[in-house]
Amino acid sequence: MTAIDGSVLPAEAAARTSFWIRAHEWATTVDHKRLGLLYISSGLVFFLIAGLEASAIRAQLAFANNDLIGPNTFNRLMTVHGTTMVFFVGMPIFFGFGNYLIPLMIGARDLAFPRLNAFGYWLFLFGGLLFYFSWIGGDGLYGTGTAPDVGWFAYSPLTSPAFSPGNSTDYWILGIMVAGFGSTATALNFVATILCMRCPGMTLGKMPLFVWMMLVNGFLVLVALTPLTAAQVMLLFDRFLDSHFFDTQAGGSAVLWQHFFWVFGHPEVYILILPAFAVASEVTPVFSRKPIFGYEIMVAATTGIGFISLGVWAHHMFTVGLSGPVNTFFTASTMAIAVPTGIKIFNWLGTMWGGRIRLRMPMLWVCAFLFEFVIAGLTGVMLAVVPFDWQLSDSYFVVAHFHFVLIGGLLYNIFAGIYYWFPKATGKMLSERLGRWHFWVFVAGFNVTFGTMHFQGLLGMPRRIYTYDPGRGWDLLNLITSLGVILQAIGILFFLVNVLWSLRRGEDAGQDPWDAWTLEWSTTSPPPAYNFEKIPVVQSRRPLWDLKHPNDPDWRYE
Amino acid sequence: MAAEREAKHAGEGGIELPSPTPWPLLAAFGMTLGFAGLVTHPIVSMVGGVCFLFGGVGWWREVLPVAHEIEVPLAAPARRARLVEPVPETVDHLELGEGGHRMRLPTHVFPLSAGIRGGIAGGIAMAALAELYGLLVHQSLWYPVNLLSAAAIPSLANASTEQLAQFSTEGLLVGVIVHVLFSLLVGLLYAVMLPMFPRHPAILGGIVAPLLWTGLLWTSLGVINPALNERIAWGWFAASQLAFGLAAGFVVSKMERIATLQSAAFAIRAGLELQYDEEGKE
């Protein structure tokens, strides 16, 4: 038994460390590692819930004219699934990674504002709980409606009281807004920590790429989330105080909401994907036994993505009927963002090229991510072309595209990160055998589901429909798509079993099981509350390489 | 100062860290309830407000005037992090050019002037062959020029073969501009690309690249510009592309290469620092 400081407790004292004492420790903690684990575990719970919602959606769509789920419930499931995956799964899990790893990687004892960090986590959790409370409390003061049913982007005028009576939409607004305050606090913490608390010797040019990408990510959250919060406050005014920001019949503008939402919404894609890139940028060199290829270019590409991502939002709005020059601008900017993204892909490949690749679980996930993400990128470029988008917007082709981004890009790297840093956080290795079952079954299921979805889209199946008539060429494809979900669920089951089994019986990880090079691997697994006995001093981007190879340190070449 | 503080703490066997506190949790809970009251009952907002107030005051007192900290004792020696040990094996470094390998791509490049000269040479060779085609097949110097311009001038795109064989000021102007511009740009491309194919630049730049380009156009021009596609004599087209490739590739590859700054530090490449050789010259 280990106390908060990492020391061994006597058996008698350990026995007294009851559930409630431990619960109190976790509830009052300001330790970045504990908060990181809380973020990740809460995110995974929300992930399981969102997965169940998605399974229900696919069960309904497996057959034509199915009546398993009614249209209203379908709309709610669809809305809550999308919102959960973006705001309560993707963001918190990567905030968890950032929380846990940033101080360890930069040789600090904690984040810059530990109490604000705790505040941010609890806001996220309570925001999520408020959002889900809508399923039972959605009637609210007005006696109608339950969970939100307006889609994850809640387009106006659907959100006006006339079309969305009761409080269901208000739960969507408030849940996200509360969680958003938490996200802003966490992003602020990341930026301040990275800029001000690096250990001696760690200049910006010597920071691990993970930290660089979380820095850009922090700025993106600060810039992009505020317009959404502002728009949500305006929508609250519309709904509670009869203002007319988005009321088209009283001089408001529904398109204004779309601009506000997507000026947040597209950077949000990069808020989700940059940390995924960050994980890939740490895993790839370690498992290729080579330094990252083109470090400076990777940093430049990351900042490039950060800037360009703020100028591409209207490609979500091509079908609104924007003017020609506006369409042209957003087509060009959307295509331009493929350049830094492509640079990253080439640099990861360049890192692998000629390396001694070890296909352990983290690397397997990163390799699979490269395949899936290139497909996602290609369909993204296709959708950036306005006439193509006019044909396929709001079809299942788009659904397939963004799931390739968010599962093939984001979730695969979440898994890569968990397999990579689980030994550090718990002191136990995850089982490779169960991990491989998890990998192959899930990847097969993912491609069966979302690879197939492209074809429904090309055949004209619109998204958000709760059922369809038979004989339109979609029947078999929908059945295959839904069967893929079963495979994915089995894959996730392998993952859960692996985590629970490995926590109890996993092989001891030791301090540095991967022979890695960044600072977190220089302390114990799990690290003590204070992270490092002495604040480390670094001379290169791979401080542990320097220590392991004193005759050939990296700083000679950087 | 920080180092002294660290040493002091290490000597005492403990390290100060922010103390655990319930106030952020209470403040977050209060804030959430405050908003939840909008969709449940005003009483909920009031309770939330009170919680937030208590949480905020508690937090304030937690950090002011001095932030509360706890001294966490160092872990028992047996449970502390091991020092990172040097590994016995040495690392072999690939030297530049060793075994035919290149450590970085490319280590030497052609100057931009090589691309411009290559583009001019290729452009002349291509134009000569195109004019030969015009004279032999259409008995006109202007046919190839007008055909090139037809891609940009709608009136020429719809013109008959006889009209294309006639002199057109507009066609000459556009044709020369397009030809010169593209010749220079492709010449520059050759200067950039050829160092990346160090083994057989003549074959790759002179033959393979023009044939690939011709093949690409042959398969796609019917979709892009069907009218132009009908008029192109693909044998002559391929020959003129080859002429360009061979002439540009020859001129570019004969130019002296210059070393890149690939091996230099980022600060030098970014122009933030100057690079000096062993004798101290800039």
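**Salt bridges and the interface**

Guide: The structure holds 14 salt bridges over all chains, a salt bridge being a side-chain nitrogen of Lys or Arg within 4 Å of a carboxyl oxygen of Asp or Glu. This is a predicted model, in which local features need pLDDT of at least 70 and side-chain atom pairs count only at pLDDT 80 or more, while totals for chains, interfaces and linings use all residues. Residues are numbered from 1 along each chain as its sequence is written, chains are lettered from A and ligands numbered from 1 in the order in which they are written, and side-chain values use heavy atoms, with hydrogens and water left out.

Visitor: How many residues apart are A:E432 and A:R360?

Guide: The side chains of A:E432 and A:R360 meet in a salt bridge, with 3.3 Å from N to O. A:E432 belongs to helix 15 (residues 432-458) of chain A, and A:R360 to the loop between helix 11 (324-352) and helix 12 (361-384) of chain A; helices (H or I, at least four residues) and strands (E, at least two) are DSSP runs, numbered from the N terminus. A:R360 counts as partly exposed, because its relative accessibility is 32%. The pair links distant parts of the chain, 72 residues apart.

Visitor: Which residues are linked with A:D512 in a network of salt bridges?

Guide: A:D512 and A:K548 meet through their side chains at 2.6 Å, N to O. A:D512 lies in the loop between helix 16 and helix 17 of chain A and A:K548 in helix 17, so this pair ties together parts 36 residues apart in sequence. A:D512 counts as partly exposed at 21% relative accessibility, whereas A:K548 is buried at 5%. The residues linked with A:D512 in the network are A:R289, A:D515 and A:K548.

Visitor: What does A:G506 touch, not counting residues up to four places away in sequence?

Guide: A:G506 is placed in the loop between helix 16 and helix 17 (543-548) of chain A. Its relative accessibility is 7%, so A:G506 counts as buried. With contact meaning heavy atoms within 4.5 Å, the residues that A:G506 touches are A:K428, A:M429 and A:W501.

Visitor: With which residues is A:Q488 in contact, leaving aside its neighbours within four places in sequence?

Guide: A:Q488 has its place in helix 16 (residues 475-505) of chain A. It counts as buried, because its relative accessibility is 10%. Its contacts are A:I407, A:F442, A:G445, A:F446, A:T449 and A:F450.

Visitor: How much area do chain B and chain A bury between them?

Guide: In this pairing, 44 residues of chain B are in contact with 47 residues of chain A. Buried area is the accessible area (1.4 Å probe) that two parts lose on being put together, summed over both. Of the area buried here, 72% is on carbon and sulfur atoms, and the amount is about 4,100 Å².

Visitor: Which residues form the salt bridge across the interface of chain B and chain A?

Guide: The rule finds one salt bridge across this interface. Its closest N and O atoms are 3.9 Å apart, and the residues are A:E533 and B:R80.

Notes. Buried < 20%, exposed > 50% of the residue type's maximum accessible area, 1.4 Å probe, protein only.
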